[in-house]
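This report covers one protein model, from its overall layout down to individual residue pairs. Please keep the sequence and the structure in view while reading.

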Amino acid sequence: KLQQSLMRLAKWARQTTLVVVAVLSFAAMPAMAEDPIRIGAVTSVTGPASYLGEPEKNALELMVDQVNQEGGVLGRELELILYDDATNPERARTMMQRLLTQDR
């Protein structure tokens with residue numbers, strides 16, 4: 001039962017990450033061309049689901065580095081904002097709210 005809950009949490013986290021990436025990318029569009037495009041994600045780097053969150057974090061960092069090395073997106077670098085939810089759904093919600101309201 002714990003494994004099913006962790007798998008649902010991981011699926012939710014991946015879907016939420018994609019939504020946040022899209023929202024923050026569009027929110028950054030009116031910015032000046034030299035401003036970085038901010039991309040945020042909440043992963044479970046610690047806690048019971050860390051076996052999923054740590055690789056997700058590493059993959060995001062690797063992808064952002066690769067995109068930036070290739071010139072960014074439309075000439076703008078990506079800036080990755082990562083939060084660890086410690087495999088706690090309430091903390092995940094709080095961190096997601098922070099991404100959407102403070103880290104835009």
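**Basis of the values**

The model is predicted, so local features are given only at pLDDT of at least 70 and side-chain atom pairs only at pLDDT 80 or more, while totals for chains, interfaces and linings use all residues. Residues are numbered from 1 along each chain as its sequence is written, and side-chain values use heavy atoms, with hydrogens and water left out.

**Overall layout**

The protein contains 3 helices and 2 strands, in the order α-β-α-β-α from the N terminus. Helices (H or I, at least four residues) and strands (E, at least two) are DSSP runs, numbered from the N terminus.

Of its 104 residues, 33% count as buried. Buried means under 20% relative accessible area, exposed means over 50%, and partly exposed lies in between (1.4 Å probe, protein chains only). The accessible surface of the protein comes to about 6,600 Å², and carbon and sulfur atoms account for 58% of it. These areas come from the Shrake-Rupley method with a 1.4 Å probe; for residues, only the protein chains shown count as cover.

A contact is a pair of heavy atoms within 4.5 Å. Among contacts in the protein with a separation of 6 or more, 64% are between residues 24 or more positions apart.

**The nonpolar core**

In soluble globular proteins, nonpolar side chains tend to be buried together. A nonpolar core is here a set of buried Ala, Val, Leu, Ile, Met, Phe, Trp, Tyr and Cys residues joined through side-chain atoms within 4.5 Å. The largest such core in this model has 7 residues: Val42, Ile81, Tyr83, Ala92, Met95, Met96 and Leu99. Strand β2 (78-84) and helix α3 (89-101) each supply at least two of its residues. The largest share, 4 residues, comes from α3.

**Helix α3**

Helix α3 has 13 residues and reaches 18 Å from its first C-alpha to its last, close to the 18 Å expected at 1.5 Å a residue. The expected span is 1.5 Å times one less than the number of residues. Which residues of α3 are buried? They are Ala92, Met95, Met96 and Leu99. Seen down the axis of α3, the buried residues fall within an arc of 105°, so they line one face of the helix. The arc is that of the directions from the helix axis to the C-beta atoms.

Ile81 lies in strand β2 and is buried, because its relative accessible area is 10%. Leaving aside neighbours within four places in sequence, Ile81 is in contact with Arg38, Ile39, Gly40, Ala41, Leu99 and Asp103. Ile81 and Val42 are 39 residues apart in sequence, and their C-alpha atoms are 8.6 Å apart in space.

Asn68 is found in helix α2. With a relative accessible area of 19%, Asn68 also counts as buried. Apart from neighbours within four places in sequence, Asn68 is in contact with Glu77 and Leu78.

**Salt bridges**

Side chains of opposite charge can pair when their charged atoms come close. A salt bridge is counted when a side-chain nitrogen of Lys or Arg is within 4 Å of a carboxyl oxygen of Asp or Glu. The whole structure has 4 salt bridges; the table lists some of them.

| Salt bridge | Closest N and O atoms |
|---|---|
| Glu79 and Arg38 | 3.6 Å |
| Lys57 and Glu54 | 3.9 Å |
| Glu90 and Arg93 | 2.7 Å |

Glu79 forms its salt bridge with Arg38. This pair links distant parts of the chain: Glu79 is in strand β2 and Arg38 in strand β1 (residues 37-43), 41 residues apart. Glu79 is partly exposed at 31% relative accessibility, and Arg38 is partly exposed at 24%.

Lys57 and Glu54 are 3 residues apart in helix α2 (residues 50-69), so about one helical turn separates them. Glu54 is partly exposed, with a relative accessible area of 30%. Glu54, Lys57 and Glu61 are linked in a network of salt bridges.

Glu90 and Arg93 both lie in helix α3, 3 residues apart, about one turn of the helix. Both count as partly exposed, Glu90 at 45% relative accessibility and Arg93 at 43%.
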